[in-house]
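Please open the model in your viewer and keep the selection panel at hand.

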Amino acid sequence: MNILLTGGAGYIGSHTTLALIEKGHTVTVIDNLITGSLKLVPNGVKFLKADISDEIKVKPLLKENKFDVVMHFAGLVRVEESLKNPEKYNLYNFEKAKVFFNLCINSGLKKIIFSSTAGVYGKIKERKKITEEDELHPSNPYSKSKHELEKYLTALTKEKDVFSVILRYFNVAGADK
């Protein structure tokens with residue numbers, strides 16, 4: 001499978017890339033390196049240093065490669081920073097991602113896996129069990145930006161014959177050499 005992965009120089013994206021390579025997939029990573037590190041991008045992958053909304057760089061990549069799926073891990077992730085600069089989080093996590101998804105769809109790439117957050121559920125201390133059907137109450141600009149993109153992606157799925165999967169992580173932890 002030929003996979004386009006955004007945010008591959010970050011923690012989750014780089015580990016996902018490693019796992020995909022181990023399974024024999026071809027991976028191309030797009031990352032602007034604002035929060036990621038080039039050292040985390042595994043050897044053996046194609047790498048494009050670019051903002052996901054940079055049409056001049058992204059369109060040719062999409063045109064020259066027949067990707068089977070896009071895995072979207074790019075985005076800003078610091079809740080405290082989002083409280084201080086909510087506009088920045090809306091721009092990077094929502095507006096730029098919308099541009100990127102539309103570039104993908106217009107290029108025929110209509111299978112999307114989106115890395116969201118369990119933060120879209122809001123404060124969950126009183127609840128013992130959370131289901132996908134539970135009402136969403138994002139409580140900070142970070143989780144709100146992810147929720148907005150979830151809603152946008154859900155609408156695209158209905159309007160443009162897009163297949164999408166949304167992943168909502170609670171806590172991401174791990175170790176690596």
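What follows is a list of stops, each with something to select and a description of what is there.

**Before starting**

This is a predicted model, in which local features need pLDDT of at least 70 and side-chain atom pairs count only at pLDDT 80 or more, while totals for chains, interfaces and linings use all residues. Residues are numbered from 1 along each chain as its sequence is written, and side-chain values use heavy atoms, with hydrogens and water left out.

**The whole chain**

Followed from the N terminus, the elements come in the order β-α-β-β-α-β-α-α-β-α-β. The C-alpha trace spans about 50 × 45 × 30 Å along its principal axes. The radius of gyration of the protein chain is 16 Å, which agrees with the value near 16 Å that a compact globule of 177 residues would have; this radius is taken over C-alpha atoms, and the globule rule is 2.2 Å times the number of residues to the power 0.38. Of the 177 residues, 40% count as buried, where buried means under 20% relative accessible area, exposed means over 50%, and partly exposed lies in between, with a 1.4 Å probe and protein chains only.

**Helices H2 and H4**

Next select residues 55-64, which are helix H2, and residues 86-106, which are helix H4; the two pack at an angle of about 30 degrees, with their axes 10 Å apart. That makes H2 roughly parallel to H4, a term for angles under 35 degrees. The axes are lines fitted to C-alpha atoms, over the stretch in contact for helices, and the angles run from 0 to 180 degrees between N-to-C directions. If you show side chains, Glu55, Val58, Lys59 and Leu62 of H2 meet Val99, Phe100, Leu103 and Cys104 of H4, contact meaning heavy atoms within 4.5 Å.

Which residues does Ser82 contact, leaving aside its neighbours within four places in sequence? Select Ser82 in helix H3, residues 79-84, and you will find it in contact with Tyr89, Asn140, Pro141 and Tyr142. Ser82 is buried, with a relative accessible area of 0%, and its C-alpha atom is separated by 7.2 Å from that of Asn140, 58 residues apart along the chain.

Move on to Ser115 in strand S5, which counts as buried at 5% relative accessibility. Not counting residues up to four places away in sequence, Ser115 touches His72, Phe73, Lys146, Leu167 and Tyr169.

At 39% relative accessibility, Ser139 counts as partly exposed, and, leaving aside neighbours within four places in sequence, Ser139 is in contact with Gly119, Gly122 and Lys123.

Key: Helices (H or I, at least four residues) and strands (E, at least two) are DSSP runs, numbered from the N terminus. Angles under 35 degrees count as roughly parallel, over 145 as roughly antiparallel, 65 to 115 as roughly perpendicular and the rest as oblique.
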